[in-house]
There are 2 protein chains.
Amino acid sequence: MASVSYGPEAVVLVLAAAGGAGLGLTLPVTLAIALLLAVLTASYRQVIAAFPNGGGAYAVARRHLGHRASLVAAASLIVDYVLNVAVSIAAGVAALTSAFPALHGYTAWICLAVLVGITALNLLGIRESARAFMAPTVIFVAGIFTVIIAGLLRSQPAAVAAGTATTLDFRTVGLLLLLKAFSSGCAALTGVEAIANAVPSFAAPKVARAQRAEVVLGGLLGVMLIGLAVLIQKFEVRPVDGTTVLSQLTEASLGHGIGYYVVQFATVVLLALAANTSYGGLPTLTKLLADDNCLPHRFAVASPRQVYRYGVLTLGLAAAALLIGANGDMNALVPLFAIGVFVGFTLAQVGMVRHWLLARSKGWQWRLALNGFGAVLTFVAAIVTTAMKFTEGAWLIVLVLPLLVVAMERIRGAYTRIGEVRGTAELPRPPRPRESVVVVPVSEVSELSCEALSAAMSIGKDVVAVHVCLEGESTRAFTKAWEAWHPDVPLVLLPDHDATVGGPVARYISEKYPDRRKVVVVAEVDPPLGWNRVLPSHRSDELERELRKLSDTVVCHLRVQVA
Amino acid sequence: MASVSYGPEAVVLVLAAAGGAGLGLTLPVTLAIALLLAVLTASYRQVIAAFPNGGGAYAVARRHLGHRASLVAAASLIVDYVLNVAVSIAAGVAALTSAFPALHGYTAWICLAVLVGITALNLLGIRESARAFMAPTVIFVAGIFTVIIAGLLRSQPAAVAAGTATTLDFRTVGLLLLLKAFSSGCAALTGVEAIANAVPSFAAPKVARAQRAEVVLGGLLGVMLIGLAVLIQKFEVRPVDGTTVLSQLTEASLGHGIGYYVVQFATVVLLALAANTSYGGLPTLTKLLADDNCLPHRFAVASPRQVYRYGVLTLGLAAAALLIGANGDMNALVPLFAIGVFVGFTLAQVGMVRHWLLARSKGWQWRLALNGFGAVLTFVAAIVTTAMKFTEGAWLIVLVLPLLVVAMERIRGAYTRIGEVRGTAELPRPPRPRESVVVVPVSEVSELSCEALSAAMSIGKDVVAVHVCLEGESTRAFTKAWEAWHPDVPLVLLPDHDATVGGPVARYISEKYPDRRKVVVVAEVDPPLGWNRVLPSHRSDELERELRKLSDTVVCHLRVQVA
């Protein structure tokens with residue numbers, strides 16, 4: 001829904017390049033977009049009916065198009081969620097700076113502040129209720145309709161936006177330009193998919209409600225887009241630096257009074273909430289992907305507040321990178337948006353075509369035709385959008401989508417190999433004990449070494465202390481102190497070959513005890529949290545790195561706390 | 001020695017602000033600097049005699065001025081080492097771009113490339129031999145003297161540097177400006193300290209050789225500075241964008257022929273080697289400080305190639321930050337340099353005054369007088385330099401020095417607390433075994449769990465398996481699989497309170513076995529190196545974090561490798 005605030009803008013921006021004649025074509029281009037919207041709405045009604053568990057394009061592709069296509073769908077969804085956050089925030093901030101021009105110049109900073117705020121709220125597990133959505137949505141829709149009706153009734157604009165408008169020259173308008181404007185405006189269609197992804201969150205009867213929501217959304221969106229396009233032509237709105245098209249239209253219809261600020265403010269809130277929906281969607285999607293071994297498992301680990309922190313953080317960081325890269329300019333981000341959306345649309349429709357071919361339920365012929373027509377349309381739209389916007393940033397999406405797919409494929413492969421090692425496939429043999437030897441590397445005679453040896457003696461009967469003689473340390477002093485202490489444990493002195501502790505210890509135990517289970521006890525003082533973490537030398541890390549290369553070696557950490 | 005290439009430049013740059021009358025004062029200012037140089041050289045001869053083990057200001061302050069003063073000296077040395085790298089590289093690149101103006105505009109990039117190169121060589125443990133220093137030094141000194149003599153014999157400059165020189169207007173020259181020029185030029189004195197820091201690296205008889213080197217260096221430096229100042233006045237050299245003063249002088253004396261390129265090239269090589277000396281000095285100093293518990297111990301850990309990697313890396317990163325901050329402009333960095341040097345000088349001299357008061361060896365009165373005079377002079381110079389350069393970047397040094405000192409104090413405090421826990425002070429009690437219980441957290445029935453239980457059985461008689469029932473997982477399926485496997489180990493099912501594994505396990509074992517030594521065995525698949533490291537969920541890290549808070553708990557890691 002929020003896409004109304006950046007869709008028309010994108011069309012105007014492109015057509016303005018062709019001057020007055022171009023702007024005159026806003027309405028036809030918008031009608032074409034509305035037509036596509038109608039087809040998409042109808043075919044997504046069917047997606048909702050066929051996949052009542054949600055998941056949208058990913059679910060359809062996984063069921064009907066095989067593993068790789070589902071990964072492509074997942075990648076396009078990930079890209080869309082990230083772009084939705086970036087575009088919504090950028091558009092919201094653009095609405096804000098239109099209303100308060102004094103904020104210009106801080107655009108990127110405001111965007112990042114909003115992003116950090118939303119991310120932090122989501123990390124804390126604070127979620128908006130559906131009710132929070134209601135009020136701004138109603139105000140926004142009512143506001144837009146008021147703008148449209150008031151604008152249609154008026155013969156003269158109530159006020160003209162400040163700022164220098166581009167002067168228009170009348171040139172011929174090429175097909176290329178029309179295609180470009182069309183593909184830009186398609187960014188307004190992104191909302192269609194959201195409902196199909198979120199069917200499970202509807203109240204029962206889910207499917208019927210979700211379908212109705214889809215149609216209502218599609219209808220409202222179409223009417224608003226066309227109404228705004230009519231107004232754009234009527235008031236001859238053209239791109240003005242620092243004021244959005246929607247802001248200009250509102251000013252023209254309602255004047256620069258309280259009504260203007262209400263609409264602008266509702267736009268800002270609605271866009272912030274639109275950005276927030278990604279925070280519900282992406283972490284859920286990445287959790288599903290992690291469960292399917294396509295993403296690292298930590299994406300599936302919930303925090304104590306039931307938040308998938310890795311998903312939320314990844315989303316925040318990716319959106320921050322986009323906002324910084326685009327310097328908070330919404331018109332730089334919108335071109336990237338449509339591609340991922342159309343890839344997802346196309347896959348979903350192709351999947352639905354297969355669905356009808358397999359199901360052959362009542363009326364499958366015309367349903368198949370509808371989805372097939374949608375698939376062709378969205379496929380063409382995807383190609384057109386990519387071609388038209390390639391140099392304006394679409395190359396980034398063309399690059400990122402396959403990279404994401406390849407990465408997920410490789411992660412899956414790695415988990416398969418790890419799974420073989422875990423050996424969950426068949427019932428494991430029963431566990432059996434083996435004779436063990438406990439090795440304690442000691443660097444000094446101290447209370448800490450005493451703790452380590454005590455622990456080692458509790459673990460096994462056969463305990464050996466080893467000391468690596470590092471360059472610049474006195475072996476004599478150590479052995480003297482050891483003899484004075486006289487613990488009841490044999491001591492082995494190892495020469496140091498390469499200024500490391502790990503190498504000599506690992507070599508010694510693997511050569512001396514090839515057949516036994518080796519247990520190495522490492523005692524450390526655990527520094528308190530915070531900057532103190534940098535204090536320990538990394539000797540024990542190095543030891544552990546060397547030892548973990550040995551099979552049947554268990555490394556035991558005994559950590560003594562600093563009070 | 002290399003400081004000859006940026007000292008005179010700094011003086012000219014300041015005096016040029018006062019126009020022709022100002023530049024006429026280059027010689028007097030240089031004479032004042034040369035006087036300070038003479039005093040410093042004489043008093044550092046005494047530092048060398050009193051501290052034949054090197055360490056310079058840090059050693060003197062540690063012996064005679066107490067702990068805190070030694071930290072201030074150490075901090076000023078650290079700052080100087082870092083600045084030496086940054087200034088030397090920037091000056092070397094300035095000499096290069098003077099000779100090859102086409103390289104202008106890439107200054108910062110060339111600086112960083114040289115820095116990365118030097119840092120990489122040092123990380124690999126490749127050190128320059130003393131011989132490597134000889135040739136460029138001899139060529140450089142011979143070149144400078146040739147420039148001076150040829151310049152004095154010439155009545156007209158052989159060539160005038162290209163580029164637009166600032167036009168001069170004759171204004172009165174204030175005292176402030178003179179002080180500023182003086183403090184800028186003092187950057188040329190930085191070499192004096194280097195010899196006192198490095199006494200141990202001289203061949204025997206160390207002290208005599210080091211003292212002789214100090215006097216020779218001081219003498220050469222003084223003569224070169226004065227000679228260049230005379231030439232600057234004679235040829236009325238003024239600052240030209242993109243050409244160093246030394247380059248202008250060389251051109252004026254020798255013309256733009258082969259001689260010019262030889263001198264410039266020797267300057268570049270000498271400055272690169274000068275930057276490299278910091279890589280010998282700083283890691284050694286930070287190793288000493290780490291041994292004294294004033295820096296994290298990893299600064300004292302040598303790599304297999306006998307390199308103190310943390311010191312080298314820290315130096316490289318700090319110098320990179322400075323070079324980026326100054327955009328590779330040597331004249332932005334030189335003002336920062338003198339402050340740290342003078343702080344170190346002052347501390348060393350004050351320490352020497354105390355030394356003579358305590359020692360009262362032959363001729364102590366006049367030695368004390370000399371060091372006292374030096375202390376007053378360098379103290380005044382430190383104040384003047386800081387005041388004059390405060391807004392030009394000296395605030396950074398004024399900020400960093402105390403921060404470094406406070407950080408080192410706090411690190412020392414933390415190590416003292418850790419040392420108390422280690423308990424090296426007295427002979428520890430003999431180690432004693434205690435009754436133990438071995439706990440194995442199991443998340444699945446698999447080959448891996450079998451490994452973990454086998455290891456646990458080898459470690460202790462009393463083995464318990466625990467399973468945390470996480471939300472969304474089927475406890476029923478797990479217990480069924482467990483019963484089918486039927487290992488000879490009791491199983492405890494724990495409820496999950498907050499979506500973590502660590503909390504329930506830690507609570508269970510600390511409540512159930514308050515008096516026993518607790519051993520927890522965690523089995524993991526160790527992914528191969530590289531990006532696979534991100535794959536494991538952080539469940540076992542989280543488990544370890546919780547468990548390390550418990551006293552007398554040993555966490556054992558069993559890692560199974562992926563082939």
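pLDDT is the predictor's confidence in each residue, from 0 to 100. This is a predicted model, and chain A averages a pLDDT of 79. Chains A and B superpose by a rotation of 179 degrees.

**Confidence**

- In chain A, 87% of the residues score at least 70.
- Confidence in chain A is highest in helix α13 (residues 309–325), at a mean of 89.
- Helix α2 (residues 19–23) of chain A has the lowest confidence in that chain, at a mean of 62.
- Over residues 167–171 of chain A, pLDDT stays under 50. The model has 10 contacts beyond four places in sequence for this stretch.
- For the complex, the predictor gives an ipTM of 0.70 and a pTM of 0.68.

**How the two chains pair**

- Two copies of a chain are related by a rotation about an axis and a shift along it.
- Here the rotation is 179 degrees and the shift along the axis is 0.0 Å. With that, chain A superposes on chain B at an RMSD of 0.2 Å.
- The two copies are therefore related as by a two-fold rotation axis.
- Cys556(A) comes closest to the rotation axis of the residues of chain A, with its C-alpha at 1.9 Å.
- The copies meet through the same surface, because 99% of the interface residues of chain A are also interface residues in chain B.

**Helices α3 and α14 in chain A**

- Helix α3 (residues 26–50) of chain A packs with helix α14 (residues 330–359) of chain A at an angle of about 60 degrees. Their axes are 11 Å apart.
- That angle makes α3(A) oblique to α14(A).
- The crossing of α3(A) and α14(A) is left-handed.
- On the α3(A) side, the contact includes Leu40(A), Ser43(A) and Val47(A). They and their neighbours in the contact meet α14(A) residues, among them Phe345(A), Ala348(A) and Met352(A).
- By class, this contact of α3(A) with α14(A) has 6 nonpolar, 4 polar and no charged residues.

**Helices α5 and α12 in chain B**

- Helix α5 (residues 66–99) of chain B and helix α12 (residues 258–291) of chain B have axes that come within 8 Å. These axes cross at roughly 160 degrees.
- Angles over 145 degrees count as roughly antiparallel, so α5(B) is roughly antiparallel to α12(B).
- The crossing of α5(B) and α12(B) is left-handed.
- The residues of the contact of α5(B) with α12(B) divide into 19 nonpolar, 8 polar and no charged.

How values were computed: Residues numbered from 1 in each chain as written. Chains lettered and ligands numbered in written order. Predicted model: local features only at pLDDT ≥ 70, side-chain atom pairs only at ≥ 80, totals over all residues. Axes fitted to C-alpha atoms, helices over the stretch in contact; angles between N-to-C directions. Helix = DSSP H or I, 4+ residues; strand = E, 2+ residues; numbered from the N terminus. Parallel < 35°, antiparallel > 145°, perpendicular 65-115°, else oblique. Left-handed = near helix turned anticlockwise from the far one by under 90°. Contact = placed C-beta atoms within 7 Å. Nonpolar A, V, L, I, M, F, W, Y, C, P; charged D, E, K, R; others polar. Least-squares fit on C-alpha atoms with pLDDT ≥ 70 in both.
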